[in-house]
Amino acid sequence: MLPVVRLEAPVLQQHDIAEVGTVGYGATRAVWPGERIVTVPVGYADGFPRSVGAGWSAELLGWALPLAGRVSMDTMCLDASAVPPDLLAQRGTVVELIGGPDGVDRLAAAAGTIGYEILTRLGRRYQRVYLDEDGSGTE
């Protein structure tokens, strides 16, 4: 079977952590000097499951970006410490939140639900591109 959906989001902000602190609702995740945290504009208001926890990660060009803290209403923070800084510094850097042959099911497992619920909850704020059999797309 082929993947039916890919969800991507641009990196809005990058924070190179200089002091011990926290990130996420309720200050749920400690951050340490030397870590790099990025913010992407997707949250539970977009239908992304708030219940996703530790163990789930997004992807940037093959690099895993674990969730840092909790998914908030309009954004989420990801730990990009392992990603070379020059990849993040490029304008238009995009993170893959759902992708690959197991993307929907992997996210569903991390959220304690099923893939169908993930797909039906994705909100209207996403730009949708529908692909034809030849790979050409329409919005």
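Predicted model: local features only at pLDDT ≥ 70, side-chain atom pairs only at ≥ 80, totals over all residues.
At 43% relative accessibility, Q13 counts as partly exposed, a class that lies between buried (under 20% relative accessible area) and exposed (over 50%), with a 1.4 Å probe and protein chains only. Residues are numbered from 1 along each chain as its sequence is written, and side-chain values use heavy atoms, with hydrogens and water left out.

**Overall fold and dimensions**

- The protein chain contains three helices and 11 strands, where helices (H or I, at least four residues) and strands (E, at least two) are DSSP runs numbered from the N terminus.
- In sequence order these elements follow the pattern β-β-β-β-β-β-β-β-α-β-α-α-β-β; the radius of gyration of the protein chain is 15 Å, close to the 14 Å that the globule rule gives for 139 residues, so the chain is as compact as a globular protein of that length.
- That radius is taken over C-alpha atoms, and the globule rule is 2.2 Å times the number of residues to the power 0.38.
- Taken along the principal axes, the box filled by the C-alpha atoms of the protein chain is roughly 50 × 30 × 25 Å.

**Burial, contacts and surface**

- Of the 139 residues of the protein chain, 38% count as buried.
- Among the contacts in the protein chain with a separation of 6 or more, 61% are between residues 24 or more positions apart, contact meaning heavy atoms within 4.5 Å.
- The accessible surface of the protein chain comes to about 8400 Å², and carbon and sulfur atoms contribute 52% of that area; accessible areas come from the Shrake-Rupley method with a 1.4 Å probe.
- The protein chain carries 11 positive and 17 negative side chains, and the centres of the two sets lie 8 Å apart; Lys and Arg count as positive and Asp and Glu as negative, whereas His and the chain ends are not counted, and each charge is placed at NZ of Lys, CZ of Arg, CG of Asp or CD of Glu.

**The aromatic pair**

- One aromatic pair is found in a search of the whole structure, and it is formed by F48 and W56 in an edge-to-face arrangement, 5.4 Å centre to centre with 65 degrees between the planes.
- Rings of Phe, Tyr and Trp (its six-membered ring) pair if their centres lie within 6.5 Å, and planes under 30 degrees apart count as stacked, over 60 as edge-to-face and the rest as tilted.
- Both partners are buried, F48 with a relative accessible area of 1% and W56 at 2%.

**Individual positions**

- I118, in helix α3 (residues 115–121), is buried with a relative accessible area of 2%, and beyond its neighbours within four places in sequence it is in contact with P49, I98, V104, L107, A108 and T113.
- Q13 lies in strand β2 (residues 13–16) and, leaving aside neighbours within four places in sequence, is in contact with I37, V38 and T39.

**Positive phi values**

- Most residues other than glycine have a negative phi.
- A27, which is not a glycine, has a positive phi of about 50 degrees; A27 sits in the loop between β3 (21–23) and β4 (29–31) and is partly exposed, with a relative accessible area of 41%.
- L61 also has a positive phi, near 50 degrees, and lies in the loop between β6 (57–60) and β7 (63–66), where L61 counts as exposed at 66% relative accessibility.
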